[in-house]
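Hello,

I am passing on the structure that we talked about, and below it you will find my notes on what turned up. Please read them with the structure open beside you.

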Amino acid sequence: MDFLTSLEDKDMDKFASVWAEDAVQDMPFSPEGFPKRVEGKANLIKHYAAWPETSGKANFIDELVFYPMQDATMVFAEWRGNVEIITTGRNYNQRYGGLFHVVDGKIELFREYYDPIVFKDAFGLD
């Protein structure tokens, strides 16, 4: 999946190319002070802009599993992220679930499920 490999490679041009113009990322379990929803490709690019400076070595695809759905434009995926966080010196080892709505090869919706406690610890938000 180009979305995850673009983050591993810190290739922000590739990252930008995966989103539809009106894309939405929902993060219903985000901790306080972190957005629960980002709307629009430009805002998603801005939301992830610091990723190359924030993250060191990253792996998202070793445990990636796709669960196709009846609607071919929808897929649910599970994966583990293991990322060195440069800004805190901590390791971010997170288990994810994600619902994706993809039309014409572009992500229109990414609903991301993750543990906010693990997130807060890794990024020093506690």
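Does F119 count as buried or exposed? At 8% relative accessibility, F119 counts as buried, where buried means under 20% relative accessible area, exposed means over 50%, and partly exposed covers what lies in between, with a 1.4 Å probe and protein chains only.

Before going further, please note that this is a predicted model, in which local features need pLDDT of at least 70 and side-chain atom pairs count only at pLDDT 80 or more, while totals for chains, interfaces and linings use all residues. Residues are numbered from 1 along each chain as its sequence is written, and side-chain values use heavy atoms, with hydrogens and water left out.

Aromatic pairs

The structure holds 22 aromatic pairs; rings of Phe, Tyr and Trp (for Trp, the six-membered ring) pair if their centres lie within 6.5 Å, and the planes count as stacked under 30 degrees apart, as edge-to-face over 60 and as tilted for the rest. F3 and F110 form one that is edge-to-face, with 5.1 Å from centre to centre and 65 degrees between the planes. This pair links distant parts of the chain, since F3 is in helix α1 (residues 2-9) and F110 in strand β7 (residues 106-113), 107 residues apart; helices (H or I, at least four residues) and strands (E, at least two) are DSSP runs, numbered from the N terminus. F3 is buried, with a relative accessible area of 3%, and F110 is buried too, at 0%. F119 and F123 form a tilted pair, 4.8 Å centre to centre and with 35 degrees between the planes.

D26 lies in strand β1 (residues 19-26) and, at 9% relative accessibility, counts as buried. The C-alpha atoms of D26 and Y113, which are 87 residues apart along the chain, are separated by 8.7 Å.
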